[in-house]
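Here are some friendly notes to read alongside the model. Please keep the viewer open as you go through them.

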Amino acid sequence: MTQRACCPYCGERVSDKAVRLWDGRRYCRSCIKSVSPELYEFARNGGQLVDVVKASDVRSLLYLINFGKLLLVFTFLFCFLFWGLLTLIGVGKEEDPISPWTLFAFFGGGGLILVLLKSLILKIIKHFHLPRILKFKKGELIVRYGKKQKRFPLEKCKWYVGTTTLCDLICLYTGLRQGIVFQTPDGFFSCGHSPETLKHWYAFLRLMRMPRLPVPRSVFYIPYGSLGMVVGTLVGFGLGHIVAMMTGQERWIPGCLLLGAFEGGLIASMYVYYSHYACQNAYQRFQPAIWGLLFFIMGATTGFIGGNPAALFTGSLNGMIGAVVAWYLLAQRSELSSEEKEKELRQGELKEVLGHEH
Ligand SMILES: [Zn+2]
């Protein structure tokens with residue numbers, strides 16, 4: 001070798017004492033030590049930076065619980081919303097109406113049986129895809145599933161520390177919740193199934209200066225949004241029965257149900273938007289008055305079931321709910337939004353994930 005390369009960390013020419021690391025580049029010994037003495041020891045002793053999901057990490061029970069939960073939530077929403085729509089437009093009025101609970105019991109129960117069957121044959125399936133291996137090799141991040149392999153140039157990868165579930169579906173089988181997540185051109189891959197190397201991954205990523213991301217807010221919308229919709233559906237369904245009893249108009253039941261589902265999802269999304277999952281400067285865009293107006297319109301539309309005065313009443317009540325919720329979330333948010341708090345939160349997160357000081 002005639003020309004010495006530069007150390008990717010300090011940018012200086014590397015000396016003879018430099019160490020070649022897993023990305024194929026050479027780093028000064030002092031640079032590695034300054035980022036993490038443990039990483040230096042690990043590399044010097046020939047440690048390999050590899051994250052492995054073994055076949056034994058995938059458990060049938062976890063599969064059953066995690067996928068069963070998702071299935072029940074989505075089947076519930078599908079059955080209730082479908083029932084609500086059909087009932088609202090008056091389909092199937094003459095016949096004996098089916099309750100949404102019957103639909104849910106039928107489809108949810110059937111789906112659960114399928115998930116149970118699949119969890120039983122999972123033992124066979126997983127041998128085709130596992131072990132899954134995550135590692136660096138010569139300037140690339142390599143993801144290997146059984147015999148298939150994907151390669152991503154390091155400059156196209158980013159990473160963050162935090163929630164792994166729903167980013168990488170394999171976590172639903174293995175139960176991994178927190179770790180390091182790589183964003184690649186082909187989606188997210190979570191790392192943390194070999195917890196003993198996690199702190200070395202973390203140190204190495206900082207050493208190689210791979211760009212770091214905040215935890216993407218998008219990963220929170222689906223779980224929070226669907227939970228909000230389930231709660232909203234139940235509340236709306238219950239309230240609808242009460243209003244229907246008071247007014248004698250059956251259409252309030254599907255009307256309130258749909259309104260509740262929609263607003264439940266919206267409020268949960270608002271929570272994600274305004275809470276500490278949000279980016280620093282995102283929170284000024286929607287003022288409580290705008291939320292109030294939006295909720296007024298939605299409430300009034302539903303309220304037409306009972307005529308004009310009912311529309312005005314339902315709209316005003318609903319508008320107030322929207323404005324108060326938005327105001328409350330915004331107040332929480334401003335308390336939390338100082339930069340120090342954000343930093344504190346991140347540091348806590350890191351400690352939780354990596355279980356050591358850094
Ligand atoms: Zn250096």
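1. Conventions. This is a predicted model, in which local features need pLDDT of at least 70 and side-chain atom pairs count only at pLDDT 80 or more, while totals for chains, interfaces and linings use all residues. Residues are numbered from 1 along each chain as its sequence is written.

2. The main core. Do start with the largest nonpolar core, which has 65 residues. A nonpolar core here is a set of buried Ala, Val, Leu, Ile, Met, Phe, Trp, Tyr and Cys residues joined through C-beta atoms within 7 Å. Buried means that 20 or more other C-beta atoms lie within 10 Å of a residue's own, exposed means 12 or fewer, and partly exposed is in between, with C-beta atoms placed from the backbone. I180, W201 and M270 have the most contacts inside this core. Helix 8 (residues 252-274) gives the most to the core, with 15 residues. Helices (H or I, at least four residues) and strands (E, at least two) are DSSP runs, numbered from the N terminus. Domain 1 (48-216) and domain 2 (218-343) both contribute residues, so the core lies between them; the domain bounds come from an automatic or database domain assignment.

3. M270 and a second core. Leaving aside neighbours within four places in sequence, M270 is in contact with V325, A326 and L329, contact being C-beta atoms, placed from the backbone, within 7 Å. A second, separate core of seven residues includes F67, V115, L130 and Y173.

4. Three strands form an open sheet in the order 7-8-9, with antiparallel pairing; strands pair if DSSP finds at least two bridges between them. Strand 7 and strand 9 (187-191) are at the edges with a single partner strand each, so one side of each has no neighbour in the sheet. The twist averages 30° from one strand to the next. Six bridges join strand 7 (residues 158-163) to strand 8 (residues 178-184). Along this pairing, T163 has Q178 as its bridge partner, and K158 stands opposite Q183.

5. What covers the sheet. Five of the six residues of strand 7 are buried. Helix 6 (residues 198-207) lies across strand 7, strand 8 and strand 9, running at about 45° to strand 8. Axes are lines fitted to C-alpha atoms, for helices over the stretch in contact, and angles run from 0 to 180 degrees between N-to-C directions.

6. Helix 7. Which elements do the buried residues of helix 7 pack against? They pack against helix 3 (60-88), strand 7 and helix 8. Among these buried residues are F220, M229, F237 and V243. The end C-alpha atoms of helix 7 (residues 218-247) are 41 Å apart, which agrees with the 44 Å that its 30 residues should span at 1.5 Å a residue; the expected span is 1.5 Å times one less than the number of residues. G248 follows helix 7, with a positive phi near 75°.

7. Helix 3. This helix has 29 residues and reaches 41 Å from its first C-alpha to its last, close to the 42 Å expected. Its buried residues include F67, F76, F80 and W83. L70 also lies in helix 3, but counts as partly exposed because it has 17 C-beta neighbours inside 10 Å. The C-alpha atoms of L70 and P223 are separated by 9.1 Å, although the two are 153 residues apart along the chain.

Key. Contact = placed C-beta atoms within 7 Å.
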